[in-house]
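Keep the viewer open and follow along.

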Amino acid sequence: MNVHHDHNKTYLAVFGTLLILTAITVAVSYFHFGVFNIFVAMFVATVKGSLVCLYFMHLKDDNRVNQVVFISAFVFLALFIGLTLSDVLFR
Amino acid sequence: MSLNQITIAAEPVQSASEVHLRNDRKGHVVPHHFETATQAYEASKLGVWLFLVTEILMFGGLFVAYIVFRALNPQAFAEASHHLDKVMGAINTVVLIASSFTMAMAVNETRHDRVKRASYFLLATLFFASVFLVIKYFEYTHKIHAGLLPAGYFTYEGLSHEKGKLFFSLYFLMTGLHGSHVLVGMGLIFWMFLKCRFKSLSSTYFTPVEMVGIFWHLVDLIWIYLFPLLYLIG
């Protein structure tokens with residue numbers, strides 16, 4: 001990453017995108033599509049979260065070790081959720 | 001990474017004056033167990049990322065509880081969720097995203113030696129964080145008066161599903177833990193504000209403000225998931 005590179009414009013664009021996505025997720029919640037609602041909400045949240053991680057937290061330009069460390073948290077979280085649900089839902 | 005590297009000479013440090021070889025012009029000293037300023041910076045950052053992993057797994061426990069109880073009581077959760085104010089939740093989401101933006105700007109300004117502007121962005125971040133907590137205060141007050149409280153304190157009688165009170169236990173635990181992170185973050189941001197005012201941060205040493213920034217963005221990231229899960233599931 002180049003220290004002398006200014007990120008102001010990138011941050012502004014990410015900020016704008018996050019606001020638009022928030023508006024979309026709130027708007028969608030007023031319509032009832034059944035199970036589809038939660039998938040849209042989680043998809044939009046994940047896109048927003050990824051933008052925050054990649055640009056605001058600089059994970060995009062960070063070194064590989066930090067990227068792997070942070071992503072590992074979500075791998076373990078998925079294991080935690082998956083194994084717990086496999087018990088609760090199928091007992 | 002093209003940080004100004006302050007390398008130490010191969011010969012051992014002999015006197016107090018030689019220690020200043022490892023200082024940047026604003027007086028920051030690279031700890032003696034690091035070879036270079038870059039190495040110190042990378043080590044700090046890896047430490048913060050590891051800390052964030054533990055944070056995600058701590059909140060993860062609550063998310064798992066939420067997912068399990070919601071999977072078992074979908075109607076009760078949908079009904080209980082209607083007692084949250086979508087508009088207030090949405091305003092708080094916008095406020096927290098704005099605070100993340102000003103925080104990112106503050107880090108960027110510090111990296112370019114514009115510490116005065118950085119301090120203004122930190123003040124703006126503090127302002128947005130306060131707005132978030134004030135809105136949270138109004139939401140909590142409303143729920144406390146209605147008796148929508150966790151576990152045994154739950155006295156509200158307008159829910160048709162008995163398990164609806166589980167939702168409020170999770171609501172208070174999740175937003176409470178998140179809110180305490182906002183408070184801690186505000187303390188750290190104020191500390192960074194002082195560091196900028198006293199000019200102890202610069203383009204050669206901006207580790208603290210960048211680390212606080214990464215933490216603050218995590219607080220935003222968690223809210224990005226809390227908002228739809230708690231407010232938008234009706």
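Predicted model: local features only at pLDDT ≥ 70, side-chain atom pairs only at ≥ 80, totals over all residues.

Every value below was computed from it.

Let's start with chain A. Chain A has 91 residues, and 38% of them are buried. What about its surface?

Now over to chain B. Here you'll find seven helices, again with zero strands, and the order from the N terminus reads α-α-α-α-α-α-α. Of its 234 residues, 54% count as buried. Chain B exposes about 10,100 Å², and carbon and sulfur atoms account for 67% of that area. Apply the contact question to this chain too: among contacts between residues at least 6 apart in sequence, 79% link residues at least 24 apart.

One helix pair in chain B deserves a stop. Find helix H2 of chain B, residues 37-72, and helix H6 of chain B, residues 164-197; their axes come within 10 Å and cross at roughly 165 degrees. Angles over 145 degrees count as roughly antiparallel, and that makes H2(B) roughly antiparallel to H6(B). The crossing of the two, H2(B) and H6(B), is left-handed. Which residues make the contact? On the H2(B) side they are B:Glu55, B:Met58, B:Phe59, B:Leu62, B:Phe63, B:Ala65, B:Tyr66 and B:Phe69. From H6(B) come B:Leu166, B:Phe167, B:Leu170, B:Leu173, B:Met174, B:Leu177, B:His178 and B:His181. Sort the residues of this contact by type and you get 13 nonpolar, two polar and one charged.

Next, look at a residue inside a helix. B:Thr125 sits in helix H5 of chain B. Is B:Thr125 buried or exposed? Its relative accessible area is 0%, and buried means under 20%, so B:Thr125 is buried. And what does B:Thr125 touch, leaving aside residues up to four places away in sequence? Its partners are B:Ser99, B:Thr102, B:Met103, B:Ile189 and B:Trp216.

B:Asp113 lies in the loop between helix H4 (86-111) and helix H5 (115-146) of chain B. Its phi is near 65 degrees, which is a positive value in a residue other than glycine. With a relative accessibility of 31%, B:Asp113 counts as partly exposed, because that category covers values between the 20% limit for buried and the 50% limit for exposed.

Move along to the loop between H5 and H6 of chain B and you'll reach B:Ala151. Phi is positive here too, near 40 degrees, and B:Ala151 is likewise a residue other than glycine. B:Ala151 has a relative accessible area of 46%, so it is partly exposed.

Notes
Residues numbered from 1 in each chain as written. Chains lettered and ligands numbered in written order. Heavy atoms only, no water. Buried < 20%, exposed > 50% of the residue type's maximum accessible area, 1.4 Å probe, protein only. Axes fitted to C-alpha atoms, helices over the stretch in contact; angles between N-to-C directions. Helix = DSSP H or I, 4+ residues; strand = E, 2+ residues; numbered from the N terminus. Parallel < 35°, antiparallel > 145°, perpendicular 65-115°, else oblique. Left-handed = near helix turned anticlockwise from the far one by under 90°. Contact = heavy atoms within 4.5 Å. Nonpolar A, V, L, I, M, F, W, Y, C, P; charged D, E, K, R; others polar. Areas by Shrake-Rupley, 256 points an atom, 1.4 Å probe, with all protein chains shown as cover.
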